[in-house]
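This report walks through a single chain.

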Amino acid sequence: HATNLLLHILCCCLLYHILRVLGFPALSNLLVSVLFCVHPIFTHAVAWIPSRGDLLVTALGLLVFLTFVKFLDTGKFRYLVGHVFAFVAAIFSKETGLLIPALVLYFYFFVKRERPKGARFFIPVFIWLAVVALYWPLRQNVMTSIVSSHIEGIEPFLKNLPILLVLLGKFFVPLHLSTLPVVDTASCWIGLVAGALLALIVFRTRRVGRAMIGFGVCWYLLT
């Protein structure tokens, strides 16, 4: 429990630092970080010991993003080394770490609106591909038995889509929280209304603002 709490505190500190690096106002950075720190929806991720994988992949994912931004800005080798270490550790903490490069690329192309150019962009991309190419055969060797389509694949993904509405609803109205998300009608409706309001805000926001909101939502869904 103590290590889970320390990991959660680390995630909060990394979130604050990333917001500061991205140039958001100091007060906004503090308020968002404090909200992330104390929000009830994350209680089970901290208190439930098996959720350590979620905490690790969140902390390491934030480090992957931070070191990528730092490497793009400075080109310093130490940020590249930290980036590689964080990415490898993230995917071995939880497989959702494989999606972190997609979030990084989303930020690069749609938030920063940059074009791929120079070694500072292509070196991390080649490293991602190399790491995944090494990781995937190891994963397949470990998983000696055939995994049922009810556990992996499109079918369970589609079946669990309502959970996204539940999580969104419980973010705004954190009632009846549980260790594992359970679909309930009230949270689904709240999530549907919240999603519609967010869509309206995105529609009425400038293009860069829309991309940043989308980036934040993707991070929330990943973690």
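## A loop residue with positive phi

Arginine 113 sits in the loop that joins α6 to α7. The model is a predicted one. Arginine 113 is not a glycine, yet its phi is positive, at about 60 degrees. Its relative accessibility is 46%, so arginine 113 counts as partly exposed. The cut-offs behind that call are under 20% for buried and over 50% for exposed.

## Overall fold

The chain contains eleven helices and zero strands. Along the sequence the pattern reads α-α-α-α-α-α-α-α-α-α-α. Of the 223 residues in the chain, 31% are buried.

How much of the contact set comes from residues 24 or more positions apart? Among contacts in the chain with a separation of 6 or more, such pairs account for 66%.

## α4 against α1

Two packed helices are described by the angle between their axes and the distance between the axes. For α1 and α4, the angle is about 25 degrees and the axes lie 9 Å apart. The limit for roughly parallel is under 35 degrees, and α1 is therefore roughly parallel to α4. Their crossing is left-handed.

On the α1 side, the contact is made by Thr3, Asn4, Leu7, His8, Leu10, Cys11, Leu14, Leu15, His17, Ile18 and Val21. On the α4 side, the residues include Arg52, Leu55, Leu56, Leu62, Phe65, Val69 and Lys70. By class, the contact of α1 with α4 holds 15 nonpolar, five polar and two charged residues.

## α4 against α5

The axes of α4 and α5 cross at roughly 155 degrees and come within 8 Å. Angles over 145 degrees count as roughly antiparallel, so α4 and α5 are roughly antiparallel to each other. The crossing of α4 and α5 is left-handed.

From α4, the contact takes in Gly53, Leu56, Val57, Leu60, Leu63, Val64, Thr67, Phe68, Lys70, Phe71 and Thr74. From α5, it takes in Tyr79, Leu80, Gly82, His83, Ala86, Phe87, Ala89, Ala90 and Ser93. The residues of the contact of α4 with α5 split into 13 nonpolar, six polar and one charged.

## α4 against α6

Helix α4 covers residues 52-74, and helix α6 covers residues 100-111. The two pack at an angle of about 40 degrees, with their axes 10 Å apart. Are α4 and α6 parallel or oblique to each other? At that angle α4 and α6 are therefore oblique. The crossing of α4 and α6 is right-handed.

Val57, Gly61, Val64, Phe65, Phe68, Val69 and Leu72 of α4 make this contact with Ile100, Val104, Phe107 and Tyr108 of α6. By class, the contact of α4 with α6 has ten nonpolar residues, one polar residue and no charged residues.

## The nonpolar core

The largest nonpolar core has 38 residues. Which of them touch the most other members? They are Phe65, Phe68, Ile100, Val104 and Phe215. Two or more core residues come from each of α1 (2-21), α4, α5 (77-93), α6, α7 (119-142) and α11 (207-222). Helix α4 gives the most to this core, with ten residues.

Valine 104 shows the contacts around one such member. Neighbours within four places in sequence aside, valine 104 is in contact with Val64, Phe65, Phe68 and Trp128.

Proline 101 is part of helix α6. Its relative accessibility is 8%, so proline 101 counts as buried. Beyond its neighbours within four places in sequence, proline 101 is in contact with Phe87 and Trp128. Proline 101 and tryptophan 128 are 27 residues apart in sequence, and their C-alpha atoms are 7.3 Å apart in space.

Proline 50 lies in a loop, between α3 (43-47) and α4. Is proline 50 buried or exposed? At 57% relative accessibility, proline 50 counts as exposed.

Conventions: Residues are numbered from 1 along each chain as its sequence is written. This is a predicted model: local features need pLDDT of at least 70, side-chain atom pairs count only at pLDDT 80 or more; totals for chains, interfaces and linings use all residues. Side-chain values use heavy atoms; hydrogens and water are left out. Axes are lines fitted to C-alpha atoms, for helices over the stretch in contact, and angles run from 0 to 180 degrees between N-to-C directions. Helices (H or I, at least four residues) and strands (E, at least two) are DSSP runs, numbered from the N terminus. Angles under 35 degrees count as roughly parallel, over 145 as roughly antiparallel, 65 to 115 as roughly perpendicular and the rest as oblique. A crossing is left-handed if the near helix is turned anticlockwise from the far one by less than a right angle, and right-handed if clockwise. Contact means heavy atoms within 4.5 Å. Ala, Val, Leu, Ile, Met, Phe, Trp, Tyr, Cys and Pro count as nonpolar, Asp, Glu, Lys and Arg as charged, and the others, Gly among them, as polar. A nonpolar core is a set of buried Ala, Val, Leu, Ile, Met, Phe, Trp, Tyr and Cys residues joined through side-chain atoms within 4.5 Å. Buried means under 20% relative accessible area, exposed over 50%, partly exposed in between (1.4 Å probe, protein chains only).
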